Amino acid sequence: MRKHSGEKKRGSLATKIILVVCAAVIVSNVFSITFVLRGARSQILASVKTTMMDLAESSDMLVENAMNASDQDQLTYDAYLSLLKDVKIDNVDSSYVYLVNEDGTMLYHPTEEKVGQPVENVVVAGLVKQLQNGEHPGNAVVDYDFHGTTKYAAYCIMSNNDIVVVSADESDVLSGLHQVSATAFGVLVGIVLVMCVIAYIVGKRMAKPLVKLGNVVEQMAEGNLNASFDGVKDSNDEIGLIKVRMQHMATMLSDIVEKIREASDHMTASSWELNETSEQTLSANGEISRAVQDVAEGSTNRATSIMDI
């Protein structure tokens with residue numbers, strides 16, 4: 001199609017379709033993924049917290065049974081180690097269990113150097129103060145910040161007021177969710193690419209007959225009312241309807257032009273007839289003028305003759 005000077009550059013219909021489809025796919029999938037991940041996060045945390053509390057209570061029972069069996073209020077580090085070293089959440093490497101007595105001193109920790117040291121966990125330190133004040137708080141699972149790391153702790157108060165604590169890092173607990181999130185967004189990118197290709201193909205197929213119709217309109221605008229519509233396939237959609245209407249318009253314009261041509265031919269014939277009539281009138285006027293001139297000359301001659309007499 002020939003471009004006219006000053007014509008505004010227009011965007012491609014296929015490009016617009018791609019943008020709309022991609023935007024719709026991205027928005028819908030991001031919303032869905034976000035919603036699903038939020039639900040999954042809540043379920044994972046609820047499941048992990050339940051598991052941590054079960055581990056804390058089972059550890060309490062192991063230690064209580066070992067104390068009753070040895071008839072002692074406390075066990076050695078090696079005894080605690082044999083009981084608690086394998087207590088952890090499956091697939092959560094940062095999880096472990098430790099034991100604190102009622103005055104806040106560490107009785108057992110996987111890192112042996114911390115045994116005998118004051119507990120660093122602010123939540124457990126708060127439990128120690130409550131126990132020292134004669135209170136007996138219930139078992140629970142809490143989250144807290146430890147040196148910039150969010151951690152979860154499930155604690156259980158033993159019969160002798162020692163505290164069993166199961167700890168795990170939030171990032172480790174949710175590591176599986178992070179992998180799922182990365183996979184989900186990777187799938188989203190793949191879906192967007194596939195949809196862009198499909199939208200491009202569909203957009204091109206939709207735009208092709210419109211471009212052909214535009215070429216026909218251009219030819220008609222240049223005066224070719226017999227421009228061919230053969231390049232545009234018949235269809236039952238809006239494009240097919242546009243083709244039918246344009247064919248009807250071309251026929252009507254051809255009829256109008258034909259009528260104008262006939263009227264022009266009639267006017268031309270009438271003009272020729274009027275021209276011939278005008279020429280005849282001019283010829284008759286010339287003869288009349290000559291006759292009048294002859295009469296005038298005759299009258300002058302008579303007057304002269306009379307004067308001579």
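Biologist: In what order do the helices and strands follow one another along the sequence?

Modeller: The predicted model has six helices and five strands.

Biologist: Which residues of helix α2 are buried, and why do they lie on the same side of α2?

Modeller: An α-helix has 3.6 residues a turn, so residues three or four places apart point the same way. Helix α2 covers residues 77-84, and its buried residues, those under 20% relative accessible area, are Y77, Y80 and L84. These residues lie on the same side of α2 because they cover an arc of only 65 degrees around the axis. On the other side of α2 the exposed residues include D78 and S82, whereas the buried ones are Y77, Y80 and L84.

Biologist: How much space lies in the largest cavity?

Modeller: Rolling a probe the size of a water molecule over the atoms shows where empty space is left. The structure holds one cavity of 30 Å³ or more, and the space in the largest cavity is about 110 Å³.

Biologist: Which strands each supply at least two residues of the lining of the largest cavity?

Modeller: The lining includes Y96, Y98, Y144 and F146, along with M106, H109 and K114 among others. By type, the lining residues divide into six nonpolar, two polar and three charged. The strands that each supply at least two residues of this lining are β1 (96-100) and β3 (140-146).

Methods:
Residues numbered from 1 in each chain as written. Predicted model: local features only at pLDDT ≥ 70, side-chain atom pairs only at ≥ 80, totals over all residues. Heavy atoms only, no water. 1 Å grid on protein atoms, 1.4 Å probe; cavity = no way out; pocket = protein on both sides within 12 Å on 5 of 7 lines; lining within 4 Å. Points joined across faces, edges and corners; volume = space filled by probe spheres on them. Helix = DSSP H or I, 4+ residues; strand = E, 2+ residues; numbered from the N terminus. Nonpolar A, V, L, I, M, F, W, Y, C, P; charged D, E, K, R; others polar. Buried < 20%, exposed > 50% of the residue type's maximum accessible area, 1.4 Å probe, protein only. Arc of directions from axis to C-beta.
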